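Here are my notes on the model you sent over. Have it open in a viewer while you read.

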Amino acid sequence: MGKRIIVLRHGETGHNAAGIWQGQLDVELSEVGMAQARAAAPVLAARRPDLIVSSDLARAAATADLVGELLGVQVERDERFREIHVGEWQGRSGAEIRAEYPEDADKLLTGEDFRRGRSGESVADVAARALQGAHEVIGRLGDEGLAVIVSHGVAARALAAELVGMPQQQAWLTLSGLRNCHWTELGQARSGSWRVDTWNVGAPDAVEGAPWPTER
């Protein structure tokens, strides 16, 4: 069967629901987000992961901790799994960004990569740091081991694409963003290469309420 990784996006926040770009703002889960995380936790805990590692931002950490509590294991934090930093866009609405950065808004539609909000990161930046973190996690797994990495919308997609060798622009244009408290599962083949086995999977009774995600 080989090594496996589940990359989980955190539950909903108030900023998600309001269409506010979060980036690396440390925003807590909303009540809806906590309900989503509580629904997803037992489904993931039932897989008996060997490792649980999360972004150190509160919304991801709280989501991961619910899984860890069910298993009685300590969740590890790794800032390399943080969301993309969106610079001047953080804390601002999508409408504001489209009005004030029209050229960048057009780039988002075509998947062209660039530094978000002038002083933020590019998707390539995120993919590089997240992949580095993932390789360290993978290296600690046994031959049939499973790890859960709890991250964010853009970071999760960038990591999955980088791990399987998909160009980031292609991933941006063809893979829908992970919904809140939904995940992708990746498996390692005998050759050592990785594949996407599932995408945007959620608990059957997960509370829905967040819009389809962007980088917010």
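1. Ground rules. This is a predicted model, so to speak of local features a pLDDT of at least 70 is needed, side-chain atom pairs count only at pLDDT 80 or more, and totals for chains, interfaces and linings use all residues. Residues are numbered from 1 along each chain as its sequence is written, and side-chain values use heavy atoms, with hydrogens and water left out.

2. The sheet. What is the order of the strands in the open sheet? It goes β3-β2-β4-β1-β5-β6, 6 strands with mixed pairing. β3 and β6 sit at the edges with a single partner strand each, so one side of each has no neighbour in the sheet. Strands here (E, at least two residues) and helices (H or I, at least four) are DSSP runs numbered from the N terminus, and two strands pair if DSSP finds at least two bridges between them.

3. Pairings. β1 (residues 4–9) runs parallel to β4 over 6 bridges, with Val-7 opposite Ile-149. β2 (residues 51–54) is also parallel to β4, joined by 4 bridges, and Ile-52 stands opposite Val-148 there. The antiparallel case is β5 (residues 183–188) with β6, over 5 bridges; Glu-185 faces Thr-198 in that pair.

4. Strand β4. Why call β4 (residues 146–151) largely enclosed? Because 6 of its 6 residues are buried, where buried means under 20% relative accessible area, exposed over 50% and partly exposed in between (1.4 Å probe, protein chains only). In a regular strand, side chains alternate between the two faces of the sheet. Here both faces are covered: Leu-146, Val-148 and Val-150 are buried on one side, and Ala-147, Ile-149 and Ser-151 on the other.

5. Cavities. The whole structure has 2 cavities of 30 Å³ or more; a cavity is a set of points on a 1 Å grid over the protein atoms alone where a 1.4 Å probe fits but cannot get out, and lining residues have an atom within 4 Å of a point. Grid points are joined across faces, edges and corners, and a volume is the space filled by probe spheres set on the points.

6. Two loop residues. Val-86 lies in the loop between β3 (76–77) and α4 (94–100) and counts as buried because its relative accessibility is 0%. Val-86 and Ser-119 are 33 residues apart in sequence, with 7.3 Å between their C-alpha atoms. Gly-177 is in the loop between α8 and β5; its relative accessible area is 10%, so Gly-177 is buried too. From Gly-177 to Glu-83, 94 residues away along the chain, the C-alpha separation is 13 Å.

Methods: 1 Å grid on protein atoms, 1.4 Å probe; cavity = no way out; pocket = protein on both sides within 12 Å on 5 of 7 lines; lining within 4 Å.
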